[in-house]
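Please look over the sequence and the structure shown here before reading the notes on them.

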Amino acid sequence: MTALDHRLIDLLVCPICKGPLQMQRDADGQPKALACRADRLAFPIHDGMPVMLESEAQPLDSPDAA
């Protein structure tokens, strides 16, 4: 997995509400998703690239998004 540039991540906002996103990490500390608390959605990170599509987002309540 390639490293994410945190300066660029800080510029990203939720594509739905334009609100702030929070980084979620897996058990190994690797970036896993960007979460929007307002919309309760997590946008996955694949191969170091955030997938900011509403159709790819997972509900924060799901085990895959936690």
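The briefing below goes from the overall make-up of the protein to single residues.

This is a predicted model, in which local features need pLDDT of at least 70 and side-chain atom pairs count only at pLDDT 80 or more, while totals for chains, interfaces and linings use all residues. Residues are numbered from 1 along each chain as its sequence is written, and side-chain values use heavy atoms, with hydrogens and water left out.

**Fold and surface**

- The protein has 1 helix and 5 strands, where helices (H or I, at least four residues) and strands (E, at least two) are DSSP runs numbered from the N terminus.
- Along the sequence these elements follow the pattern α-β-β-β-β-β.
- Of the 66 residues in the protein, 35% are buried; buried means under 20% relative accessible area, exposed means over 50%, and partly exposed lies in between (1.4 Å probe, protein chains only).
- The accessible surface comes to about 4,400 Å², and 53% of it belongs to carbon and sulfur atoms, with areas taken from the Shrake-Rupley method with a 1.4 Å probe and, for residues, only the protein chains shown counted as cover.
- Among contacts (heavy atoms within 4.5 Å) with a separation of 6 or more, 28% are accounted for by residues 24 or more positions apart.

**Leu 12**

- Leu 12 lies in the loop between helix H1 (6-11) and strand E1 (22-25), and its relative accessibility of 29% makes it partly exposed.
- Leaving aside neighbours within four places in sequence, Leu 12 is in contact with Leu 21, Leu 34 and Pro 50.
- Leu 12 and Pro 50 are 38 residues apart in sequence, and their C-alpha atoms are 9.4 Å apart in space.

**Glu 56**

- Glu 56 is found in the loop between strand E4 (49-50) and strand E5 (58-59), and counts as partly exposed because its relative accessible area is 37%.
- Beyond its neighbours within four places in sequence, Glu 56 is in contact with Pro 44 and Val 51.
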